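Work through the exercises below with the model open. Try each task before reading its solution.

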Amino acid sequence: MSKQIIQTKEAPAPIGPYNQAILAGNTLYVSGQIALDAQSGELINENITEETHQVMKNLEAILSEAGLGFSDVVKCSIFVKDMGNFATINEAYGMYFKQDPPARETVEVARLPKDVNVEISCIAVK
């Protein structure tokens, strides 16, 4: 099985020893994304809706670099700092999966990188 590193300047550079994504065979494993703007390096987190949209844009850029889109996503993992934001995150997240949304779990955690409110990773299949 082949393993290819996927990297794009359209999504933020990793902030640790990992890659944006790895394509293994026909399966893409996308690392957790937070609401960093790829160009400025600034966090986009005025509110949880804006923050979630930025996370999804970062995921979309990585998927696109691998020749995939949200319709190819089979699994997402969502990590949130406050489950009280679940409905708002869900509403923004849902805009990217118009039909046949992927499998998913949402987990409340004590803390996330750069003290963000939401982080999302995904797995997609070609």
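**Exercise 1.** Which residues form one aromatic cluster? Note that this is a predicted model.

*Solution.* The cluster consists of Phe70, Tyr93, Tyr96 and Phe97. Now take its pairs step by step.

Step 1. Searching the whole structure gives three aromatic pairs. One of them joins Phe70 and Phe97, with 5.2 Å between centres and 75 degrees between planes. Edge-to-face requires over 60 degrees, so this pair is edge-to-face.

Step 2. Phe70 is in the loop between α1 (48-65) and β4 (73-80). Phe97 is in the loop between α2 (86-94) and β5 (103-108). They are 27 residues apart, and the pair links distant parts of the chain.

Step 3. Turn to Tyr93 and Phe97. Their centres are 4.9 Å apart and their planes 45 degrees apart, a tilted pair.

**Exercise 2.** Classify Phe70 and Phe97: buried or exposed?

*Solution.* The cut-off for buried is under 20% relative accessible area. Phe70 has 11%, so Phe70 is buried. Phe97 has 8%, so Phe97 is buried too. Tyr93 is also buried.

**Exercise 3.** Which ring does the charged end of Arg104 sit over?

*Solution.* The ring is that of Tyr93. The charged end of Arg104 is 4.8 Å from the ring centre.

**Exercise 4.** Where does Ser121 lie, and why does Ser121 count as buried?

*Solution.* Locate Ser121 first: strand β6, residues 118-125. Next, check accessibility. Ser121 counts as buried because its relative accessibility is 16%. Finally, list contacts, leaving aside neighbours within four places in sequence: Val30, Ser31, Gly32, Lys75, Cys76, Ser77 and Phe79.

Key. Residues are numbered from 1 along each chain as its sequence is written. This is a predicted model: local features need pLDDT of at least 70, side-chain atom pairs count only at pLDDT 80 or more; totals for chains, interfaces and linings use all residues. Side-chain values use heavy atoms; hydrogens and water are left out. Helices (H or I, at least four residues) and strands (E, at least two) are DSSP runs, numbered from the N terminus. Buried means under 20% relative accessible area, exposed over 50%, partly exposed in between (1.4 Å probe, protein chains only). Contact means heavy atoms within 4.5 Å. Rings of Phe, Tyr and Trp (its six-membered ring) pair if their centres lie within 6.5 Å; planes under 30 degrees apart count as stacked, over 60 as edge-to-face and the rest as tilted. A charge sits over a ring if NZ of Lys or CZ of Arg is within 6 Å of the ring centre and within 35 degrees of the ring normal.
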